[in-house]
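Subject: Handing over the structure

Hello,

Here is the structure for you to pick up. My notes follow it.

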There are 2 protein chains.
Amino acid sequence: MTFKIRQFDSSSADFAVALRKVLAFEASEDAAIDQAAAGILANVRVRGDSAVLEYTARFDAVEAESLSALQLPQAELDAALEGLEPKRRAALEAAAARVRAYHEKQRIECGSHSWDYTEADGTVLGQKVTPLDRVGIYVPGGKAAYPSSVLMNAIPARVAGVREIIMVVPTPRGVRNPLVLAAAAIAGVDRVFTIGGAQAVGALAYGTETIPQVDKIVGPGNAYVAAAKRRVFGTVGIDMIAGPSEILVLCDGTTDPDWVAMDLFSQAEHDELAQSILLSPDAAFLSAVEASIQRLLPTMARKDVIEKSLQDRGALIKVRDMDEACAIANDIAPEHLEISAQNPRHWADKIRHAGAIFLGRFTSESLGDYCAGPNHVLPTSRTARFSSPLGVYDFIKRSSVIEVSEAGAQMLGEIAAELAYGEGLQAHARSAEYRWKANN
Amino acid sequence: MTFKIRQFDSSSADFAVALRKVLAFEASEDAAIDQAAAGILANVRVRGDSAVLEYTARFDAVEAESLSALQLPQAELDAALEGLEPKRRAALEAAAARVRAYHEKQRIECGSHSWDYTEADGTVLGQKVTPLDRVGIYVPGGKAAYPSSVLMNAIPARVAGVREIIMVVPTPRGVRNPLVLAAAAIAGVDRVFTIGGAQAVGALAYGTETIPQVDKIVGPGNAYVAAAKRRVFGTVGIDMIAGPSEILVLCDGTTDPDWVAMDLFSQAEHDELAQSILLSPDAAFLSAVEASIQRLLPTMARKDVIEKSLQDRGALIKVRDMDEACAIANDIAPEHLEISAQNPRHWADKIRHAGAIFLGRFTSESLGDYCAGPNHVLPTSRTARFSSPLGVYDFIKRSSVIEVSEAGAQMLGEIAAELAYGEGLQAHARSAEYRWKANN
């Protein structure tokens, strides 16, 4: 068998450099794609519906007389749901219920409530929290069309109190994905348009005669969609631009090696660029996992993708101890971190940077992908250093609230005027001074 | 006098179109600036310290043998603070104390704590909240060097628990701004480098031999800095790219027209592109404010800037009633919203979109700019529809925490496997199935 996964030892002199090479990933920024997306956006902005219709005919081979003809009636979403086989429908509804319950809890815990306090002189300070008015959800067509992504993007918005959720999903040659439409029905999406690509991003960002402008666009897409999202950022909010998916498993050697091998596969099967890395202080365990990989790989339906991903981007790394494993994990800041160990909380306390932390050998990443409750939209490519899973907090925003009392205006006005003169801003100073008692 | 501010009436047929024209502002995206910034970033990424030193010599006329020679010793920050005249120092310290107190309260109210809950079968779900490790603060040199901005950017990071705050501030021809350095001392900035431009952004985003990589870069800068920040977004986090500053005043006619005129001036004096708009249902009051503007304008130090800003971008708008004023405010989604009226809370309840809401006639915007407590870094250009004032929440991030019990692995595994097979992801399904009792 020619397949080989790279192995490293953290005590070797060149380990730091070798690890950097394993992690290195440069998102290809294709200037041609970016320019094409820019052209489509500009056209949609000026010509609205008719531009979207033209691009949809050209790229998806879907002809329609009007953009409203491309809106799916609610009855069609409901029919997709009714048409599912009962077991699959039950699973989708159970997943949605759990995701909803978790995000309801998050809404309370993440502080999405207005608050204020009153100072001794009567001045009131605080913040008003408001949900976004309208959100657009991009759902890819074709092979990467995941109903679970519909749930993960729409449910937090609904829980946050967003008034209207508009989903766009391309249907090349008119082919619709019933699981995706059923998920939209379950998640409570308000309107679905069968459009996609940069033209759908433009329609949501600028609004057209038929599609109202949204306030934020979330959801994954191809390179054109990603380029378009980057360009409309500022006109609307966007979620992160996702890189390849990653898993880092920390194992003390007490988990069945087959389980760990399959967890690495579950990441690798997504995509040849996906990254699966295992850290363990137990050399014999690492060998056992490698043997499991060799034995199990031929049995996998997506064997070719898994093999290429593991070979090009995977690694098995022998570390000195679990403390070092935690330090390396913080450096990698992985999207998914499995701590498959006795007393996993002991090690989790040392983790600062990860999108999601899966604790204990029963917590396979796949449970989190579908139905544990937490969101599966997670920061990739080391962005867990500064960003968070998609959540209710992404669909609310805050306004500062300031109500200064007459006494407060005197006290604060003296400070403000002094600093305003220091910055050379006379009108700022005067505006404060007008509120002083001496001037009333 | 040739000066004229535009006046509109919301009941006129073309008002909606006219308002769009008043608000229209297209951020100039200069391809040459963007390319220059890209070149500087690429050079800093590869050549580190030496590239930063070369650009600093070229653009700021500051020569140094090493980048560490451009780090200001703490003693120099302390000396700047000691050197302030007592009244100014007291004002700066009072402002910092109030900003800190407000953000401490925000830290508690905005949910920046870890949380979890345990389900009946023992499965634990939650989120772990962690401050960012290291933050970079960009402070402009020259005329727009505001010590208040140092406080507003550094204090929320400190309150969030960020371990290290690195400030960069260019000092063209070696000229340093003592107020800015004093503010850095008060805010507790850890290290200050006298570098600026795209080269400083690159140094913070990628790290060099001397400057460690940060996790997020905040703070305003010129067009090169803005272009560089857009480009490093993803490698590090960034705050919003700010547009021109704006104020919208809603007044029921009960406030002294001179006060309102001066509030409009205080926005206009920032910049010729700044926007000041007044809405009132009281036509006589609008005329009175216009008279105040004409009378007070000649007395202003920054008269030329104010005049151009009001003439090009300002407006006085007669509305039907205060309800309509609130609806227009939600459409504009202004950075600063003053509700200068009797019972301002009645109207504030109708506001969904604004960066900061200033309630009542004693609450001039300038009090919020300096010392009321809330942050003065606010969303501009309608981005208050989906984004928030800079806050403690910008300096923390979350990791999902999932610990599935053995019983939970059975229940969740059946759902996950069903959905994984539905999405064609066999390894996901197997990974869940391994955890079933039947397979143990």
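Which strand of chain B is joined to strand β15 of chain A, and by how many bridges? It is strand β14 (residues 356-359) of chain B, joined to β15 (residues 396-403) of chain A by four bridges, and the two run parallel. Within that pairing, A:V401 has B:I357 as its bridge partner. Helices (H or I, at least four residues) and strands (E, at least two) are DSSP runs, numbered from the N terminus. Two strands pair if DSSP finds at least two bridges between them.

Some ground rules. The model is predicted, so local features need pLDDT of at least 70 and side-chain atom pairs count only at pLDDT 80 or more, while totals for chains, interfaces and linings use all residues. Residues are numbered from 1 along each chain as its sequence is written, chains are lettered from A and ligands numbered from 1 in the order in which they are written, and side-chain values use heavy atoms, with hydrogens and water left out.

**The sheet across the chains**

The β15(A)-β14(B) pairing sits inside an open sheet of nine strands with mixed pairing. Its order is β3(A)-β4(A)-β15(A)-β14(B)-β13(B)-β10(B)-β11(B)-β12(B)-β1(B). The edges are β3 (115-118) of chain A and β1 (6-9) of chain B; each has a single partner strand, so one side of each has no neighbour in the sheet. Neighbouring strands here are turned by 20° against each other on average, direction ignored.

Helix α1 (residues 15-23) of chain B lies across β1, β11 (275-280) and β12 of chain B, at about 145° to β1(B). Axes are lines fitted to C-alpha atoms, for helices over the stretch in contact (heavy atoms within 4.5 Å), and angles run from 0 to 180 degrees between N-to-C directions.

**The interface**

Chain B and chain A each put 126 residues into the contact. Together they bury about 11400 Å², 55% of it on carbon and sulfur atoms. Buried area is the accessible area (1.4 Å probe) that two parts lose on being put together, summed over both. B:F362, B:Y370 and B:R435 supply 7% of what chain B buries against chain A, more than any other three residues.

There are 14 salt bridges between the two chains. A salt bridge is a side-chain nitrogen of Lys or Arg within 4 Å of a carboxyl oxygen of Asp or Glu. One of them joins A:E418 to B:R88, with the closest N and O atoms 2.9 Å apart.

**Inside chain A**

Chain A also has an open sheet of six strands, in the order β2-β7-β6-β5-β8-β9, with mixed pairing. β5 (residues 134-138) and β8 (residues 216-218) of chain A pair in the parallel sense over three bridges. A:I137 stands opposite A:V218 in that pair. Helix α8 (residues 197-206) of chain A lies across β5, β6 (164-168) and β8 of chain A, at about 175° to β5(A).

Over all chains, the salt bridges number 52. A:D258 and A:R295 form a salt bridge at 2.5 Å, N to O. A:D258 is in helix α10 (residues 257-268) of chain A and A:R295 in helix α11 (residues 283-296) of chain A, so the pair ties together parts 37 residues apart in sequence.

Best wishes
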